[in-house]
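Me: I would like to learn how to read the features of a structural model one at a time, with the general idea stated before the particular case. Could we work through the one shown here?

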Amino acid sequence: MPVCQLHGAAVTTVEGIGSTKTRLHPVQERIAKAHGSQCGFCTPGMVMSIYTLLRNKPQPTMEEIRETLGGNLCRCTGYRPIIDGYRTFCEVISSFISGFLHAVGESLEPFRKLLPLDPTQELIFPPELILEERATQTFRGERMTWISPISLDELLQLKSQHPQAPVVMGNTNLGLDIKFKGVVHPIIISGFRVRELFEVTEKPEGVCIGAGSSLSTVRSVLEKCVCSLPAEHTQTLAALLEQLSHVAGEQIRNVATLGGNVASAYPNSDLNPVLAAGNADHLCVIPEGKREVPLDKDFFVGFGKTVLKPDEIVLSVFIPVSRKGEVVRAFRHAPRKENALATVNAGLRVWFEEGSNVVKEMSVYYGGVGPCTVSAERTVQQVIGRPWNEATLSDAYRALVDEVTLGASAPGGKVMFRRSLTLSLLFRFYLHVLQHLKDTVRPPSVTCSVLWSACPTSSSPDVPSGQSEQDPVGRAVQHQAALSHATGEAVYCDDFPRTQGELFLSVVTSARAHARITHIDVSRALSMPGVVDVFTADDIPGKKFRSFTGIDEEILAQGEVTCVGQMVCAVVADTKPHAKLASAAVKVHYEDLPDRIFTVEEAVEKRSFFLPQREIQRGDVTKAFQEADHIYEGEIRLGGQEHFYMETQSMLVIPLGEEKEMKVYASTQHPTMVQEAVAETLGIPSSRVSCHVKRIGGAFGGKLSKTSILASITALAAWRSERPVRCVLDRGEDMLITGARHPVLGKYKVGFMSDGRITAADVRYYANAGHTPDDSVIEKILLHMDNAYNILNLRGQSAACKTNLPSNTAFRGFGVPQTPWCSAGQLKREKNLYKETSLTHYKMEFDPEVLLRCWEECKERSELDRRRLDVARFNQQNRWKKRGIALIPLKYGVGFAEGFLNQAAALVHIYKDGSVLVSHGGTEMGQGIHTKVQQVASRELDVPLSMIHISETSTSSVPNTCPSAASIGTDVNGMAVKDACQTLYKSLEPIRKQDPNGTWQSWCMCVCVSIRGHDLYMDWVKQEGRPYAYFTYSACCSEVELDCLTGEYRTVRTDLVADIGRSINPAIDIGQIEGAFMQGLGLYTMEELKFSPSGVLYTRGPGQYKIPAVCDVPLQFNGVGEPTVFLGCSVFFALKEAVAAARSDAGLSGPFTLHSPATPERACIACGTRFTQMIPETETAQPWALELP
């Protein structure tokens, strides 16, 4: 939303509705009490979305809550606790509250004391703004002028004077071009205050809606019309309503406009195909007069182009009512069910001769299969004048295959899938019309599934009987910062106020994948307003590289670049916009180098590997293969995954001006690494650098290595300028620079007996590491390759492939999601589980008793045997919908294989007033480590939680910290705090004995305690070791329903059981369970990283890269324990079973390929329906995107 457009508006922020200092708003309180906030970065957005809903409807339905949150994203929680908190605003809540509180072991009292929602106490619109005089407004910036007229005549005059100036309403299209594509418009005209653009007129022949009306307004108008008109007149209106329910999210629909949707002529527009099929037209005006322009096949002339003249303005859109015998429907397919641009959409209309099934008139329009909305005219001609039956439509399908074509390199890719969707959607329309002819009924205005048919439940162990009420360990204590998250008071790195003289840094990245840098021209950048400095690797006074896994990575490229997105130099300016503009003005001249490598196959062919390569083996694999009854060989691919933490890479470096001291505030999981990197880069001792972390807005492994490099660059800018410097990456920059989860190619050979027992397995793993090794996962991949299965003859080899892509890095699970994945799909799982005390393939002994208990409990809870029969029955009864169900186990090793990383330190202060300050080496990033540490300290010191405070993580308080990673942070830091508190408490014992009636305030001490964790190791020469402190075990059963025509699926139910041990805080652990599962669901079924053939990352933002949203949560979610991301693959294998059922109906049998992520594209093509089989092979040409790994 442009700030200029807000002139005269009353803006309410999350800080404005309530605070911890005054009074909380019920919306803020309930998300906190329901444990709906983890890292907290997305929480203000959730709060304000529901606040807006409640201002309009104080007692919403669950469907309205779900729809309102559809435009919000969260990477931590899995959404369930957020919905739980806001479910309490619905009319019927008592049964939910009882169920939820029983699940987390809480009493009813906190929820009985919820703040009531009182609409009479809400803020009112300021009267002075109502009385403000209306007048044309003009705002002038450095490069753009914004003009906001108040009359249609003035708007037309301005457009006539400046025909190339865009008219902006919601700014949902132009704003993206300005921000991400660098488009500059010297003059922008806003029609937001022109009343004529918002007029709505209902007529007997249709409804005329002002072009400036928001899509939310359009939806309200159409709902009113559908309710008031006869059913036969509502076909087009109902079809538009159906599409509007899926267009973007509520926030975007509130500002995006009907006229903007039409005039922008975006090829994926969901409304234009329906408007065109429904014979809509619009009224255009110019200073000389008005004209009506039909919205038909001739209106769209190219990408973003229409027949409108440069000085014309769309005044209104007229939508006619449907006629008797007319049927109109709209369909769409998108990467995510909601809040995603359509891959393909369609608007279809058919009009029958009265009293027959003979087609009199027909329109078919598609979006997403060309540069603009496409009319399938030749296809229509195959149908007109003929009866509506299978023979007629068969001819139409053949015509459509020839008429709607896409080249192999068509933008957006998915060529075969998109073409098959045009057929599938036409077939869906055929079925719908058959039903209409058979039994004409009033069409529903909008249909949408209800979120969660049953209340999701998560159970946790009860606290032991006899435990003191004051002892918080094991209780569902609210996250210590939850209220600060909900009120916007929580401080993140970029929230620190600007200091005097502060500068902003922007990095310049490589535009080539493999090239020699011949010259860097910074002259133009240095001459631009506000620019203070531009520096390169030559200006680094200390080490010019950082060492990860024994291999150096340059801080700034020196002489050669090896991937697109590698940092080349940095620009420092007085503001972020100035720094961004100047960085774009830096000209880097290249000389391309040969032999670019992007894929694993290319790396294997050219032997492009990082060392070391690893191998591990037990048993006689060769002999076991000879004795096996059957041998099966194949390969499976797992794509990468973007971390997509809500807070991008952020840091602020302040030079203290004395003794070369530098203070670094960073969003990092590893403060010590940042401290060391800055010190080495500047050539100063580490004691001169302190790194501070208040909290992190999500990390998942993505804020380790690259954060230290970015902090080093920012520190160098502060060092050179002697002024504070801030660096905050935009989402696109962050995704381009920081890398992702390693894509992996697994090639396997499995020997098994006729009864399903696996007797031998040989697997080779190739991880696409990118241009540097960073945090390579190849060792952990091999250590977890057995997963929960006892395969006596097992061999694994792994290699990190060196390619010309951004270096991939650590991600939640760190290699585990890529490992047992390869074997899980090939096994009769239960028959091959570890059954008794056993040795792993690296000779570590363990007892699988808990694993088997998790398996059996999950099997029982999920009613697996009964539901398998139900699934088989469902698949027999449904041709185009199929279900699948899968149960997956997991054995997960906790800790670092390098012993020195499994340690922590803590510093505990007790002050005279009895308050306690705890410092430890872990960083709070949503996992609740600070809350759990407070609980530990409370138990050990026997003081209330309210007396214990954790301010930040700082290398000044606790030195030489280890990273918060590998699921070990709470283990080691909690134990360090426990030891420190016990030491303090013991030292106070003599005082307590001498003065048993003394006060806590009389005790004042300070003690620092360091704890060394488990001595873990792995000897790769001997192929044995103890790389993990212990294992956690889990099992997960998921059932899905697949639409074979489009590949869309819905997770019907998920049951999850895991070994959680003795939970310190079950509410936080349950949140981690669900968040990890949803992240895994995204990894295995929807999240795709796409690179161009030249190595440029296409998917650089939420518009192109889709993470799971509220609409993707399982309809029924039952869980206990703390699983890892890997269990999301239960959805993948359930999908694979559903695909197998579809293939059986299509006459296809035997093994088939389904790589991960199992996107709708892959699932649909794997189903092998007659529509996918009708699409001919595309010509040999360079594809739009690389096929990774």
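Me: Which residue is the bridge partner of Pro655 in β28?

Reply: The general idea is that strands of a sheet pair through backbone hydrogen bonds, either parallel or antiparallel. In this model, which is a predicted one, the partner of Pro655 in β28 is Met662. That pair belongs to strands β27 (residues 650-655) and β28 (residues 662-666), which run antiparallel and are joined by five bridges.

Me: How many residues lie between β27 and β28 in their hairpin, and which residue in the turn has a positive phi?

Reply: The hairpin has six residues between its two strands, and Gly657 in the turn has a positive phi of about 80°.

Me: In which sense does β28 pair with strand β29?

Reply: β28 and β29 (residues 689-693) pair in the parallel sense, over four bridges, and within this pairing Val664 has Cys691 of β29 as its bridge partner.

Me: Is β28 mostly covered or mostly exposed?

Reply: In a regular strand the side chains alternate between the two faces of the sheet. Strand β28 is mostly covered, with four of its five residues buried.

Me: What is the strand order in the open sheet of four strands, and which strands are its edges?

Reply: The order is β1-β2-β4-β3, and the pairing is mixed. The edge strands are β1 (137-140) and β3 (167-168), each of which pairs on one side only. Between β3 and strand β4 (residues 187-190) there are two bridges, and these two strands run parallel; in β4, the residue that bridges to Val167 is Ile189. Helix α9 (residues 152-161) packs on this sheet, touching β2 (145-148), β3 and β4, and the direction of α9 makes about 160° with that of β4.

Me: Where is Thr136, and which residues does Thr136 touch?

Reply: Thr136 is found in the loop between α8 (127-130) and β1. At 34% relative accessibility, Thr136 counts as partly exposed. If residues up to four places away in sequence are not counted, Thr136 touches Ile147, Ser148, Pro149, Ile150, Glu154 and Arg193.

Me: How should I describe the packing of helix α35 against helix α36?

Reply: Two packed helices are described by the angle between their axes and the distance between the axes. For α35 (residues 1129-1145) and α36 (residues 1160-1167), the axes come within 8 Å and cross at roughly 30°. Angles under 35 degrees count as roughly parallel, and α35 and α36 are therefore roughly parallel to each other. Their contact is made by Val1139, Ala1142 and Arg1143 of α35 together with Ala1163, Ala1166 and Cys1167 of α36. By class, this contact of α35 with α36 has five nonpolar residues, no polar ones and one charged residue.

Me: Which residues of α2 are buried, and what covers them?

Reply: An α-helix has 3.6 residues a turn, so residues three or four places apart point the same way. In α2 (26-33), seven of the eight residues are buried, namely Pro26, Val27, Gln28, Glu29, Arg30, Ile31 and Ala32. What covers the buried residues of α2 includes α1 (14-17), α3, α5 (80-87) and α19 (482-487).

Me: Which backbone angle deserves attention at His35 and at Asn339?

Reply: The angle is phi, which is positive at about 60° for His35 although His35 is not a glycine, and likewise positive at about 55° for Asn339, again not a glycine. His35 lies in the loop between α2 and α3 (43-56), whereas Asn339 is found in the loop between β12 (326-333) and β13 (344-352). The cut-off for buried is under 20% relative accessible area, so His35 counts as buried at 14%, and Asn339 is buried with a relative accessible area of 14%.

Methods: Residues are numbered from 1 along each chain as its sequence is written. This is a predicted model: local features need pLDDT of at least 70, side-chain atom pairs count only at pLDDT 80 or more; totals for chains, interfaces and linings use all residues. Side-chain values use heavy atoms; hydrogens and water are left out. Axes are lines fitted to C-alpha atoms, for helices over the stretch in contact, and angles run from 0 to 180 degrees between N-to-C directions. Angles under 35 degrees count as roughly parallel, over 145 as roughly antiparallel, 65 to 115 as roughly perpendicular and the rest as oblique. Contact means heavy atoms within 4.5 Å. Ala, Val, Leu, Ile, Met, Phe, Trp, Tyr, Cys and Pro count as nonpolar, Asp, Glu, Lys and Arg as charged, and the others, Gly among them, as polar. Buried means under 20% relative accessible area, exposed over 50%, partly exposed in between (1.4 Å probe, protein chains only). Two strands pair if DSSP finds at least two bridges between them.
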